[in-house]
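Here is a short briefing on selected features of one protein model. Please look over the sequence and the structure before reading on.

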Amino acid sequence: MNRPNRFPLLLACIAASTTLVAADAPAKPASAKICTTCHTTAPDNLRGHFDNLALKNNSFQLKIDERTEVLRFDKATVKVVTPEPAADVDAALKSIARGHEVRVQFTERDGVKTAVAVFAKPPVKLAAHETVTLDEIQKLVAMGPEKGKYFLFDSRPTPRFLEGAIPTAVNLPFPAFDKNADKLPADKQALVIFYCSGKTCNMSPGSLAKAKKLGYTNAKVFIDGMPAWTKKNYGVLSPAALKTAFVDTSTPLVILDARPTAEASKGFIKGAVAADPAKLADLLKTFPAPKLKPPIVVVDETGGASAKAVAAELIKAGYGGVNLLSGGFKAWQTAALPVETGTLAAKASFVPKPRPGAISPAEFAKVAELAPAERGAVILDVRNPDETKNGTIKGALTIPEPQLLARLAELPKGAKILCHCSTGIRAELAYHLLKEKGFEVRFLPTEITIIDTGDFTID
């Protein structure tokens with residue numbers, strides 16, 4: 001009896017199954033969520049926020065929400081477009097601040113993405129009569145909505161609003177504008193002002209356009225937005241916002257309690273530091289450095305003069321991101337939120353949230369000081385040959401970061417990998433490349449100096 005040949009059918013089923021699996025695999029987003037609010041992204045393009053730049057390796061990182069893309073570039077051919085002209089490619093890329101929104105056009109070969117063009121988002125352009133200045137906003141806020149006869153709307157997404165906003169502002173997120181248009185005043189001739197995340201942000205101009213379509217004749221934009229406001233003024237957040245944006249997410253911050261010590265000791269927000277306005281100069285001597293950009297929330301009994309005085313001094317000292325707790329500690333209590341008793345901290349401390357994949361200097365040193373056979377991990381030095389010739393950690397594997405993808409076979413399978421370079425930037429690039437390939441990897445995020453004996457110091 002002849003049996004039918006089922007082998008071709010089997011191959012067809014396997015092929016169909018493979019195709020189905022591939023089709024079901026979720027595609028990586030080409031744009032950060034905030035970018036999709038105003039833009040669409042063409043094939044072979046990425047939109048996100050500019051991150052670490054490694055000029056030694058002709059590489060940079062692009063943050064797309066929770067993931068990171070590593071892109072190469074050829075200085076001879078890459079096109080870099082920035083708001084201000086630059087002398088050369090290096091200067092143009094260095095002028096793009098970390099976190100600035102960019103669009104990258106790229107080619108891909110053997111899993112390596114190479115940037116063909118980098119476009120830094122330019123400032124939004126509006127007619128002069130459609131904008132208000134920082135000075136004008138400050139005067140209006142000082143008067144208040146009733147006396148100043150204005151309505152101020154924060155066009156940023158709600159999570160950003162909860163982290164701090166301009167006093168008297170109401171959150172009307174641009175992405176949800178149409179659903180929340182009832183927040184606008186009934187009087188369409190009223191002064192309506194929108195703001196968002198600064199000169200390059202399209203959300204407040206987008207809100208302006210929508211308001212005009214609804215018939216508002218006196219709508220304007222504070223185009224410099226929240227970044228300009230926080231350089232010279234404090235913001236505000238509610239007790240619920242403080243809990244949602246910081247406490248619930250374990251986001252590091254500094255809470256300063258400006259009430260008299262005897263009063264504050266009866267009840268305060270967990271982690272609060274005593275901040276007597278008369279002794280603030282002493283507190284500032286040991287305060288976290290402004291370059292760390294610590295979020296700061298100042299509390300008094302009702303959000304009044306004491307808190308404002310402390311906030312004003314912090315801003316003069318160069319701190320941004322200073323907020324008052326609306327309604328003060330009394331509002332925190334009224335909201336039935338957790339309260340501590342006892343002695344408040346006398347010194348403010350702040351440790352920024354570590355970048356994903358980072359290993360602390362102390363933990364890295366503890367491993368690196370062991371004999372190679374006792375480490376339980378591979379130390380991977382991703383510096384260039386002109387650097388490693390002057391010294392490497394004993395037993396370290398050296399692979400320059402640009403060569404990493406081509407030399408993956410040299411990495412022991414299943415091993416834990418600790419990457420380092422000289423500053424942490426290229427080590428982080430290596431971390432993202434290896435993590436993408438399934439390796440168990442971490443990186444040293446700071447400077448390390450290694451001498452020819454293999455001894456090292458970490459800054």
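Two strands count as paired if DSSP finds at least two bridges between them. The model is predicted. On that rule, 4 strands form an open sheet, in the order S17-S16-S18-S19. The pairing in this sheet is parallel.

**The four-stranded sheet**

- The edge strands are S17 (397-398) and S19 (440-443). Each of these two pairs on one side only.
- Strand S16 covers residues 378-381 and is joined to S17 by 2 bridges. S16 and S17 run parallel.
- Asp381 stands opposite Thr398 in S17.

**Helices on the sheet**

- Helix H14 (residues 361-368) packs on the sheet. H14 touches S16, S18 (416-420) and S19. The direction of H14 makes about 115° with that of S18.
- Helix H16 (residues 425-436) lies across S16, S18 and S19. H16 runs at about 165° to S19.

**A closer look at H16**

- Does the length of H16 fit its residue count, or how far apart should its ends be? At 1.5 Å a residue, the 12 residues of H16 should span 16 Å. The end C-alpha atoms of H16 are 17 Å apart, which agrees.- Of the 12 residues of H16, 9 are buried, so the helix is largely enclosed by the rest of the structure.
- The buried residues of H16 include Arg426, Glu428, Tyr431 and His432. Also among them are Ala427, Leu429, Ala430, Leu433 and Leu434.

**Strand S7 and its partners**

- Strand S7 (residues 150-154) is mostly covered, with 4 of its 5 residues buried.
- S7 pairs with strand S9 (residues 191-195) in the parallel sense, over 5 bridges. Here Tyr150 stands opposite Leu191 in S9.
- S7 also pairs with strand S8 (residues 170-171) in the parallel sense, over 2 bridges. Val170 in S8 is the bridge partner of Phe153.

**Leu314**

- Leu314 lies in helix H12 (residues 305-316).
- Is Leu314 buried or exposed? Its relative accessible area is 0%, so Leu314 is buried.
- Leaving aside neighbours within four places in sequence, Leu314 is in contact with Leu256, Leu284, Phe287 and Ile296, and also with Val298, Tyr319 and Val322.
- Leu314 and Gly391 are 77 residues apart in sequence. In space, C-alpha to C-alpha, Leu314 and Gly391 are 44 Å apart.

Conventions:
Residues are numbered from 1 along each chain as its sequence is written. This is a predicted model: local features need pLDDT of at least 70, side-chain atom pairs count only at pLDDT 80 or more; totals for chains, interfaces and linings use all residues. Side-chain values use heavy atoms; hydrogens and water are left out. Contact means heavy atoms within 4.5 Å. Axes are lines fitted to C-alpha atoms, for helices over the stretch in contact, and angles run from 0 to 180 degrees between N-to-C directions. The expected span of a helix is 1.5 Å times one less than its number of residues. Buried means under 20% relative accessible area, exposed over 50%, partly exposed in between (1.4 Å probe, protein chains only).
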